[in-house]
Amino acid sequence: MRTEGRQRMDKVVASAAAAVARIGDGASLAVGGFGLSGVPTTLIRALHDSGARGLHVVSNNCGVDGGGLGVLLAAGRISRVTGSYVGENKEFARQYLAGEIEVELVPQGTLAERLRAGGCGIPAFYTPAGVGTPVADGGLPWRYGPDGTVAVASPAKEVRAFAGREHALELAITTDFALVRAARGDRHGNLVFHRAARNFNPLAAMAGRVTIAEVEELVEPGELDPDLVHVPGVFVQHVLALTPEQAAEKGIEKRTVRG
């Protein structure tokens, strides 16, 4: 009985292809990463190879040209993006202005809290961020038409005053799946993130109904200090152990040298 229980708790999958096999056309995804830090590049490539289309992506940014989520974007696999930063990606700008993709821009802190709230079962919350701007008043272009006019605009949000200050109502975010990358993880799905990779990865992991984590170092249960675990295994359904080569693959967003 105890052996069977341990086997059921083992969430390690054999390959990236097996990990993303259930993600189909039109699925919604929360994807971790901050710039190029903590981006689940191996899972993203496997999802590209699977052929899934019409994906709704929630992520801080949508990758760069040829990297991260930019791989799916360039292939025309993403139909909608909810994010807070869309720079550094010329193809993203082209698709958005051409009306090929729908984009919901969200203040960065609000996006983080919407994901966290979704993971905690909180349906909505009020925040002062965006009050008095099109973020709350509506009218932000979500999708352009072929002629350059706004085909879909953001709706106005409910605004209420608390302690004499106005706040806008923001809805929590949950997604069908989440893709994250952790520095360390065990077979039960407990995850530890490193530095900037901790910004959005834990929040994305919480928001996904089915969360898939690629880990740079896989350890056995009990090897992680419980006080250092950033995401407990209850939020994670599948774990992919990266090869040393995959774990070492980390992009540099802006290469600089000393004068």
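Biologist: Why does Arg 195 count as exposed?

Modeller: Its relative accessibility is 70%. Residues are called exposed over 50%, buried under 20% and partly exposed in between (1.4 Å probe, protein chains only). Arg 195 therefore counts as exposed. It is found in the loop between strand E11 (191–192) and helix H8 (201–207). Helices (H or I, at least four residues) and strands (E, at least two) are DSSP runs, numbered from the N terminus.

Biologist: On what kind of model do these values rest?

Modeller: This is a predicted model, in which local features need pLDDT of at least 70 and side-chain atom pairs count only at pLDDT 80 or more, while totals for chains, interfaces and linings use all residues. Residues are numbered from 1 along each chain as its sequence is written, and side-chain values use heavy atoms, with hydrogens and water left out.

Biologist: What makes the phi of Arg 195 worth noting?

Modeller: The phi of Arg 195 is near 50°, a positive value in a residue other than glycine. Ala 163 likewise is not a glycine and has a positive phi of about 55°. Ala 163 lies in the loop between strand E8 (159–162) and strand E9 (165–171). With a relative accessible area of 90%, Ala 163 is therefore exposed.

Biologist: Why is Leu 140 called partly exposed?

Modeller: Its relative accessible area is 25%, so Leu 140 falls in the partly exposed class. Leu 140 stands in the loop between helix H7 (134–137) and strand E6 (141–144). Contact means heavy atoms within 4.5 Å. Not counting residues up to four places away in sequence, Leu 140 touches several residues, including Leu 105, Val 135 and Val 152.

Biologist: How is Ala 241 classed, and why?

Modeller: Ala 241 has 33% relative accessibility, so it counts as partly exposed. Ala 241 belongs to strand E13 (residues 238–241). Leaving out residues up to four places away in sequence, Ala 241 touches Val 215 and Leu 218. Ala 241 and Ser 15 are 226 residues apart in sequence, while their C-alpha atoms are 8.3 Å apart in space.

Biologist: What makes a group of residues a nonpolar core?

Modeller: The members must be buried Ala, Val, Leu, Ile, Met, Phe, Trp, Tyr or Cys residues, joined through side-chain atoms within 4.5 Å. The largest such core has 34 residues, of which Ile 23, Leu 29, Leu 47, Leu 55 and Ile 78 touch the most other members. Helix H3 (residues 41–50) gives the most to this core, with 4 residues. Another core, of 22 residues, lies apart from it, and among its members are Phe 200, Val 231, Val 236 and Val 239. In soluble globular proteins, nonpolar side chains tend to be buried together.

Biologist: Which residues of H3 are buried?

Modeller: They are Thr 41, Thr 42, Leu 43, Ile 44, Ala 46 and Leu 47. H3 is followed by Gly 51, whose phi is positive, near 90°.

Biologist: How do you know whether the radius of gyration agrees or disagrees with that of a compact globule?

Modeller: The radius is taken over C-alpha atoms, and the globule rule is 2.2 Å times the number of residues to the power 0.38. For 259 residues a compact globule would have a radius near 18 Å; the protein has 19 Å, and therefore the value agrees. Buried residues make up 46% of the 259 residues. The whole contains 9 helices and 13 strands.
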